[in-house]
Amino acid sequence: MVLSKHFYLFLVSCQRYTSVPGSPYNISTDNKGVLKAVLHGAYSFNNQTNDAFLFKPSAIEKAERQLVKGFKYILEVDLSRTVCLKKRHKEADLANCKFQPDGLLQQTFHCDFEVWTMPWLRFMKTTYFVCSPSD
């Protein structure tokens, strides 16, 4: 069977603008759900590190959302060290923590997070994260 050039172009253009149901799709980094998922990922990072200082998001590089039993957010995020000591601040205070100034204590990690949420149950869980120091 020989496909015409026009039919082939139609297929290519349709594939470019549609997504497979259930597959991840790009979403704005300013989306309310993305911002909540990023903070949850930062909390997970802070709970897993032995650093004396808290880290908070300094940039959201990429955000995708996938419809599963709820939503799965697939995120690329930069986390930077703040001036807030873990001992003296609660996680909820991250908004009030300033970033470390330029110098020896300044550090940033590039992280890949997956955060699963079922908002109607007020459930959120970081299911995957890997971070590496940024250069």
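Reader: Which residue forms a salt bridge with aspartate 51?

Author: This is a predicted model. In it, the closest N and O atoms of the pair lie 2.5 Å apart. The two residues belong to distant parts of the chain, 30 residues apart: aspartate 51 is in the loop between α2 (32-48) and β2 (53-68), and its partner is in strand β3. The residue that pairs with aspartate 51 is arginine 81.

Reader: Is arginine 81 buried or exposed?

Author: The cut-off for a buried residue is a relative accessible area under 20%. Aspartate 51, at 18%, falls under that limit and therefore counts as buried. Arginine 81 has a relative accessibility of 10%, so this residue likewise counts as buried.

Reader: How many salt bridges does the chain have?

Author: Side chains of opposite charge can pair when their charged atoms come close. Besides the pair of aspartate 51 and arginine 81, glutamate 64 meets lysine 62 at 4.0 Å, N to O. Glutamate 114 and lysine 72 also meet, at 3.7 Å. The count of salt bridges comes to three.

Reader: Where are glutamate 114 and lysine 72 in the chain?

Author: Their salt bridge has an N to O distance of 3.7 Å. The pair links distant parts of the chain, 42 residues apart. Glutamate 114 is in strand β4, and lysine 72 is in strand β3.

Reader: Which side chain of opposite charge is nearest to aspartate 78?

Author: Aspartate 78 lies in strand β3, which spans residues 70-85. The residue is buried yet has no salt bridge. A salt bridge would need a side-chain nitrogen of Lys or Arg within 4 Å of a carboxyl oxygen. The nearest side chain of opposite charge is 14 Å away, and that residue is lysine 62.

Reader: With which side chain does the side chain of aspartate 78 make a polar contact?

Author: Beyond its neighbours within four places in sequence, aspartate 78 is in contact with several residues, including Lys56, Thr108, Phe109 and Ser134. His110 is also among them. The polar contact between side chains, at 2.8 Å, is with histidine 110.

Reader: What is the relative accessible area of tyrosine 25?

Author: Tyrosine 25 is found in strand β1, residues 25-26. Apart from neighbours within four places in sequence, tyrosine 25 is in contact with Ala63, Glu64 and Arg65. Tyrosine 25 is partly exposed, and its relative accessible area is 32%.

Reader: What is the phi of arginine 122?

Author: Arginine 122 sits in the loop between β4 (108-118) and β5 (123-133). At 82% relative accessibility, arginine 122 counts as exposed. Its phi is positive, in a residue other than glycine, and is near 55 degrees.

Reader: What pattern does the chain follow along the sequence?

Author: The secondary structure comes to two helices and five strands. Read along the sequence, these elements give the pattern α-β-α-β-β-β-β.

Reader: What is the average pLDDT of the chain, and over which residues is the pLDDT below 50?

Author: The chain averages a pLDDT of 87, and 84% of the residues score at least 70. Where pLDDT is low, the predicted coordinates should not be read in detail.

Methods. Residues numbered from 1 in each chain as written. Predicted model: local features only at pLDDT ≥ 70, side-chain atom pairs only at ≥ 80, totals over all residues. Heavy atoms only, no water. pLDDT = per-residue confidence, 0-100. Helix = DSSP H or I, 4+ residues; strand = E, 2+ residues; numbered from the N terminus. Buried < 20%, exposed > 50% of the residue type's maximum accessible area, 1.4 Å probe, protein only. Contact = heavy atoms within 4.5 Å. Lys, Arg positive; Asp, Glu negative; His and termini not counted. Polar contact = N/O pair within 3.5 Å; in protein donor to acceptor, adjacent residues only side chain to side chain.
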